[in-house]
Amino acid sequence: MEPAAVPVGKHSQTPEKILRGLLICGIISSLLYVSIDILAIMRWEAYSWTDQNISELNAIGAPTRPLVISLFGVYTVFVTAFGMGVWATGSRSRALRIAGILLVGYALTGFGTGLFFPMQLREGLAGGGSMHPIGTFVSSLFFLGAMWFAAAAQGKWFRLYTIMTVLIVIVFGAWTSMDVPRMIAQLPTPWMGLKERINIYSMMLWVMVLAASLLRVKMRPGAIYCSDS
């Protein structure tokens with residue numbers, strides 16, 4: 001069932017232009033994430049994007065950490081703004097409001113993990129005790145929860161697309177995690193970086209599709225999303 005629309009002024013106190021701007025932040029955030037990854041890779045000559053994971057670009061002692069942590073701060077702002085836009089768009093959709101809150105939770109826990117609990121460079125991983133995997137796991141749960149509730153609030157096509165994306169995230173996330181013991185043991189991890197990027201980039205694409213879907217509804221004059229079906 002396609003989402004319904006109601007007059008903006010009746011159920012939403014968020015001005016039309018501001019709401020559209022918040023939703024556009026979702027598209028910008030995903031493009032920014034990919035740009036940060038590419039820029040950091042270019043700045044670290046010894047880094048292998050196919051064999052090393054993204055968190056290593058922000059690891060303690062990594063030459064790219066200052067750049068990455070500062071730019072990811074900007075990314076967090078955009079995702080938080082998008083989450084607020086999703087929440088405001090779902091003025092009559094509880095599922096969409098929950099999705100917006102969970103997106104904000106994903107953004108804040110992800111940035112907090114990178115800022116306060118960054119991973120060690122590979123040579124320092126043998127000592128263990130890092131909170132980074134736990135923070136990353138919590139952040140991922142927030143994102144998967146946002147996907148679940150956003151899909152529940154959307155039409156059939158978006159639900160099917162979300163299911164496909166979740167499968168990609170789970171499969172490639174689990175596949176990537178199988179390389180962690182090798183990484184800790186200072187052994188080569190061929191294709192670890194590529195597998196993780198397929199995982200994360202699929203999430204970034206999902207955010208863009210969600211933003212575009214909500215913006216499509218917003219393009220209807222005087223209308224706002226209001227369906228959980």
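This is a predicted model: local features need pLDDT of at least 70, side-chain atom pairs count only at pLDDT 80 or more; totals for chains, interfaces and linings use all residues.

Biologist: Where is W191 found?

Modeller: In the loop between α7 and α8. Helices here are DSSP runs of H or I with at least four residues, strands are runs of E with at least two, and numbering starts from the N terminus. Residues are numbered from 1 along each chain as its sequence is written, and side-chain values use heavy atoms, with hydrogens and water left out.

Biologist: Why does W191 count as exposed?

Modeller: Buried means under 20% relative accessible area, exposed means over 50%, and partly exposed is in between (1.4 Å probe, protein chains only). W191 comes out at 52%, so exposed is the label.

Biologist: Which residues does T50 touch?

Modeller: P190, W191, M192, G193 and L194, leaving out residues up to four places away in sequence. A contact here means heavy atoms within 4.5 Å. T50 itself is in the loop between α2 (16-43) and α3 (65-89).

Biologist: How do you know that T50 is buried?

Modeller: Its relative accessibility is 17%, so T50 counts as buried.

Biologist: Now the charges. How many salt bridges does the structure hold?

Modeller: Four. To qualify, a side-chain nitrogen of Lys or Arg must be within 4 Å of a carboxyl oxygen of Asp or Glu. Side chains of opposite charge can pair when their charged atoms come close.

Biologist: What makes R20 and E16 a salt bridge?

Modeller: The N to O distance between their side chains is 3.2 Å, so the pair passes that cut-off. R20 and E16 both lie in helix α2, four residues apart, about one turn of the helix. R20 is partly exposed at 26%, and E16 is partly exposed at 23%.

Biologist: How close are D37 and R197?

Modeller: Their closest N and O atoms are 2.8 Å apart, and they form a salt bridge. D37 lies in helix α2 and R197 in helix α8, so the pair ties together parts that are 160 residues apart in sequence.

Biologist: Are D37 and R197 buried or exposed?

Modeller: D37 has a relative accessible area of 3%, so it is buried. R197 is at 4%, so it is buried as well.

Biologist: What joins D179 and K195?

Modeller: A salt bridge between their side chains, at 2.8 Å from N to O. D179 is in the loop between α6 (156-177) and α7, K195 is in helix α8, and the two are 16 residues apart. D179 counts as buried at 10%, and K195 is buried at 7%.

Biologist: On to the greasy parts. How many residues has the largest nonpolar core?

Modeller: It has 50, and those with the most contacts inside it are Y75, F82, V86, F143, W206 and L210. A nonpolar core is a set of buried Ala, Val, Leu, Ile, Met, Phe, Trp, Tyr and Cys residues joined through side-chain atoms within 4.5 Å.

Biologist: Which element gives the most to this core?

Modeller: α8, with 10 residues. F143 touches L103, Y106, M203, W206 and V207, not counting residues up to four places away in sequence.

Biologist: Which residues form the nonpolar patch on the surface?

Modeller: L115, F116, F117, M131, I134, F137, V138 and L141, with about 770 Å² of accessible area together. The elements that give two or more residues to the patch are α4 (94-116) and α5 (132-152), and α5 gives the most, with four. Areas come from the Shrake-Rupley method with a 1.4 Å probe, and for residues only the protein chains shown count as cover.

Conventions:
Patches are made of residues with over 30% relative accessible area and no salt bridge: like charges are joined within 9 Å, nonpolar side chains (Val, Leu, Ile, Met, Phe, Trp, Tyr) within 5 Å.
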